Amino acid sequence: MTAANISLSGATGTGGAFKIGDTVTASWDDTASGDNNGDIASLSVDFTEFGGGAVAATNSGGTWTATYTITSGSIDLTNRNVSITAIDTAGNSSNQTGTNNAVADNIAPTVVDADIAVSGGTGPSGAFKVGDTVTVEWTANNTDTIDTVEVDFSAFGGPAAATATESGGVWTATYVLTAGSLSSSSLQVSVTAYDDAANPVSTTKATLYAANTVSPTVVVAGPTEIVTEQFTVNITFSEAVSSDLIASELRIENGTVASVAAVSGSSTQFTAAIDPVLGNSVLVQVLAGAVTNTAGGNPNTASNEFTVFAGSVATAFDEYREEIQQVLVDEAERSLRSALSSNQRMTQDARQRFIADQREREACAEEDAAAAETSSCETGTVSRNNVPFDVDGSFEISGGTLSTRGNFFEQTGNYEGTYRRLFFGDFDIQHDADTDSTTATLTARVAWEHLLSEQTMLGYFVGGELARSTLNGTFDGDQDRFGVTAGGYAVHQLAEQVYLDGFLTFGAGRNDLEMANDVLALTSDYTTRTATAGAALSGVYEYEQYEFHPELAFSYGKTWIGNVEFTGRAYGLVDDTLSLDAGSVSIANLTLRPEVIWALDADTVAESKSQFSFAPRLICESRHTVRRTDDCGGGGEIGLSSQSDDGLSHAEFRVIMDRVGGSTRSSYAFNLEHRF
């Protein structure tokens with residue numbers, strides 16, 4: 001028997017040491033490659049150095065094997081070997097000790113309850129809560145060498161084998177509690193120590209500990225409809241909490257906290273009064289960590305984000321007040337400019353009729369004088385003062401504005417030509433490219449003219465206006481307007497070929513407005529009042545083939561809008577108490593316009609059928625709307641007109657360009673007239 005053929009296996013301890021629980025397996029090789037006795041009848045193995053005794057071995061193909069499981073004892077030694085005793089078939093015996101020199105350690109460490117300390121609870125009565133660090137310390141009062149220590153924190157929701165660190169013989173492990181569902185007062189920790197052979201021993205601390213990792217949740221609820229004033233939200237926690245919820249612990253957007261209070265008799269409910277910023281979505285949220293629960297002292301999690309829209313029709317109206325006023329002012333300004341233009345055209349036409357009558361009377365007088373007659377011109381007076389109904393129209397592009405205009409005219413008069421009644425009017429359609437708005441207007445007037453003397457004519461009129469505007473821009477909608485106007489005009493010859501004319505009118509309009517944007521819808525019926533006045537000093541100077549018509553004209557108009565009442569709809573609400581003082585609009589205009597007219601097909605302008613005209617223009621304008629603007633500028637106009645041989649058809653093309661203030665105004669007009 002040789003020692004080299006004895007082997008040991010089964011060590012699982014540190015560095016190949018045999019420790020408690022390991023099974024020491026001893027083998028002797030008696031095969032042909034080993035000792036090769038061939039006649040061994042029995043074999044025993046002595047495990048004394050491993051804490052055991054003699055164990056009978058079993059043979060398998062010449063390999064003899066015996067085992068021993070190490071139990072706790074007092075061995076912690078090196079150079080551990082087994083001895084084997086073999087008996088052959090003749091009864092002879094032989095002993096041999098192995099030379100494996102193994103390490104054996106069957107002494108377990110000692111961990112006692114008193115040496116284990118647990119700390120770190122900051123909750124009520126020292127309980128552990130979210131954020132606390134559970135600290136376990138074990139003092140190693142051992143003669144054995146401790147290699148590793150593990151702490152079981154599984155009862156606290158932590159790891160089952162947290163590795164401890166050693167300092168001065170004290171082993172420490174920690175675990176930080178996180179929010180969860182733990183709520184218990186019977187929690188324990190255990191410590192497992194391993195010696196240098198990895199023999200373990202575990203001891204559970206007998207002390208029971210309390211821990212609560214449940215963070216209270218919170219729900220904010222409030223109005224489900226639009227709010228228009230201070231409102232209340234209800235704050236409900238999932239469990240009893242401290243009663244120190246304050247305004248600064250609420251997150252508010254587009255509002256402020258007026259007050260926060262606990263509901264009487266409840267430890268889970270609070271109310272908060274919120275002052276909203278109207279016209280906005282108000283957000284209310286309870287911040288995380290605002291309060292703590294009474295069971296564990298854990299801070300709450302953040303609540304839901306409660307939102308509600310705060311607004312009223314009045315606040316929406318105030319938000320768009322300037323835009324609403326601008327719509328009213330723009331409409332009034334367009335109406336006023338239309339009225340001034342209409343009144344100027346009316347007076348200019350009256351002047352032309354007066355001049356035409358004068359020329360006809362002078363021509364008749366010259367004919368009568370030449371023929372020594374006194375009544376040759378009386379024939380035809382009626383036809384001269386009666387004009388059949390005629391219609392004319394025009395097409396104009398000015399900057400970003402496209403316009404079509406037209407008028408109609410009818411006249412009846414007495415035989416002597418000292419009195420006439422006229423029916424005339426205008427119609428137009430205008431489109432503004434800047435706002436994409438369109439206005440259609442129909443104006444009709446009845447006028448009575450009296451020739452007070454050969455130098456003076458007086459007229460007065462009444463009229464009406466129908467208009468419809470389609471509005472686009474900040475607000476989309478439409479407005480219908482009905483107006484009545486009355487006034488007078490006069491033409492007076494100051495001197496030969498020098499004339500003074502003027503007008504004075506008063507009117508009122510009833511406006512039916514409907515407009516809306518994405519937020520606010522408005523309707524209103526309001527009345528405007530308008531007064532206009534104007535005067536022009538003009539001359540008519542005839543030369544061989546041209547005429548010179550200088551004109552200095554002044555016009556002034558004012559429209560009083562005043563207080564306009566509205567019914568508004570916004571956010572599903574209706575308010576019929578809205579109002580806005582839109583003030584007034586006034587326009588004053590001074591224009592110097594010396595015009596030269598050339599006859600293209602005759603020796604005089606009066607005899608010509610085709611004419612060319614040119615007029616430079618000097619303009620000063622003062623406009624008072626929401627603000628005052630005063631501008632001056634100049635420009636010019638050229639025109640070309642033609643009349644049919646029978647005098648029933650008339651066509652005119654005119655180009656006008658002005659620069660007033662910082663803006664350039666250009667217009668191109670074509671006028672076609674036919675009398676039926």
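Which helices and strands each supply at least two residues of the lining of the largest cavity? In this predicted model, a search of the whole structure returns three cavities of 30 Å³ or more, and the volume of the largest cavity is about 400 Å³. The elements that each give at least two residues to its lining are the helix α2 (321–371) and the strands β32 (419–432), β33 (437–451), β34 (456–471), β35 (476–495), β36 (498–516) and β37 (521–539). Of these contributors, α2 gives the most to the lining, with 10 residues.

The lining of the largest cavity comprises 36 residues. Nearest the centre of this cavity lie Ser-335, Ala-339, Glu-465, Thr-485 and Thr-530. Sorted by class, the lining holds 19 polar, 10 nonpolar and seven charged residues.

Turning to a sheet elsewhere in the numbering, four strands build an open sheet, arranged in the order β5-β4-β9-β10 with antiparallel pairing. Because β5 (54–56) and β10 (93–97) stand at the edges and each has a single partner strand, one side of each is left without a neighbour in the sheet. On average, and with direction ignored, neighbouring strands of this sheet are turned by 25° against each other. In the order of the sheet, β4 and β9 follow one another, and these two strands, residues 40–46 and residues 83–88, pair in the antiparallel sense over six bridges. One of the residues involved is Leu-43, whose bridge partner in β9 is Ala-86. As a reminder for reading such a sheet, strands pair through backbone hydrogen bonds, either parallel or antiparallel.

Conventions: Residues are numbered from 1 along each chain as its sequence is written. This is a predicted model: local features need pLDDT of at least 70, side-chain atom pairs count only at pLDDT 80 or more; totals for chains, interfaces and linings use all residues. Side-chain values use heavy atoms; hydrogens and water are left out. On a 1 Å grid over the protein atoms alone, a cavity is a set of points where a 1.4 Å probe fits but cannot get out, and a pocket is an open set with protein on both sides within 12 Å along at least five of seven lines; lining residues have an atom within 4 Å of a point. Grid points are joined across faces, edges and corners, and a volume is the space filled by probe spheres set on the points. Ala, Val, Leu, Ile, Met, Phe, Trp, Tyr, Cys and Pro count as nonpolar, Asp, Glu, Lys and Arg as charged, and the others, Gly among them, as polar. Two strands pair if DSSP finds at least two bridges between them. Axes are lines fitted to C-alpha atoms, for helices over the stretch in contact, and angles run from 0 to 180 degrees between N-to-C directions.
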